[in-house]
Amino acid sequence: MGVDTHVHRIANLLKWVDAPTPEKTRVALEGWLPTEYWGPINPLLVGFGQTVCLPRVPKCGECKLAEEDFCPFAKKGLKMWREREARKKVVVVKEELDIKLETDDMVETVHIKAVSSPLKTARTEITKLESSPLEPVKEETVAGYHIEHYSPT
């Protein structure tokens, strides 16, 4: 059975063996893996190790073994994968808005600032800029309706 670095790393990662070297991994795998799988296991695990289960940055979010909760590393790997993917798509949304709110006898101006991104929780800040009473300016009747006009003082 051929055991290279990918087979060694993945066999240990999946807890199939607990071996410090590829040679000891080979001996351990040969101890329990049926002989008819000795040939096919190498290209399968090498390909898997080169495309999905990469040594430094495994793609656990794309892995069926992680999805099926078969891989002991998946919990940590999925967290790393999600953080890495989020950094690729960092979109920081910043919105600022000034709003005038009029009530029966007051006008208030507030400033709203909202910031959100995939890596941080959304944050909204509301600041009251000014507040002043409304004073009647003029009264009139239009089409039978009594209208009162107010202005902030």
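Predicted model: local features only at pLDDT ≥ 70, side-chain atom pairs only at ≥ 80, totals over all residues.
The mean pLDDT is 84. A score of at least 70 is reached by 92% of the residues. Among the elements, helix H2 has the highest mean pLDDT, at 96. Strand S4, residues 145-152, has the lowest, at 73.

Helix packing was examined next. Two packed helices are described by the angle between their axes and the distance between the axes. Helix H1 spans residues 5-13 and helix H3 residues 38-51. Their axes lie 8 Å apart, at an angle of about 80°. On the H1 side, the contact is made by His 6, Val 7, Arg 9 and Ile 10. H3 contributes Asn 42, Leu 45, Val 46, Phe 48, Gly 49 and Gln 50. By class, the residues of this contact are 5 nonpolar, 4 polar and 1 charged.

H1 also packs against H2. Here the angle is about 60° and the axes are 9 Å apart. H1 is therefore oblique to H2. The crossing of the two helices is left-handed. From H1, the contact involves Val 7, His 8, Ala 11 and Asn 12. Their partners in H2 are Pro 22, Thr 25 and Leu 29. This contact has 4 nonpolar and 3 polar residues, and no charged ones.

Thr 25 was then considered individually. Thr 25 lies in H2, which covers residues 22-32. Its relative accessible area is 0%. Buried means under 20%, so Thr 25 is buried. Beyond four places in sequence, Thr 25 touches Val 3, Val 7, His 8, Ala 11, Asn 12, Val 17 and Ala 19.

Ser 132 is placed in strand S3, residues 120-142. Its relative accessible area is 8%. The same cut-off of under 20% applies, and Ser 132 is therefore buried. Ser 132 was also compared with Met 80 in position. The two residues are 52 apart in sequence. Their C-alpha atoms are 52 Å apart in space.

Terms used: Residues numbered from 1 in each chain as written. Heavy atoms only, no water. Axes fitted to C-alpha atoms, helices over the stretch in contact; angles between N-to-C directions. Helix = DSSP H or I, 4+ residues; strand = E, 2+ residues; numbered from the N terminus. Contact = heavy atoms within 4.5 Å. Nonpolar A, V, L, I, M, F, W, Y, C, P; charged D, E, K, R; others polar. Buried < 20%, exposed > 50% of the residue type's maximum accessible area, 1.4 Å probe, protein only. Parallel < 35°, antiparallel > 145°, perpendicular 65-115°, else oblique. Left-handed = near helix turned anticlockwise from the far one by under 90°. pLDDT = per-residue confidence, 0-100.
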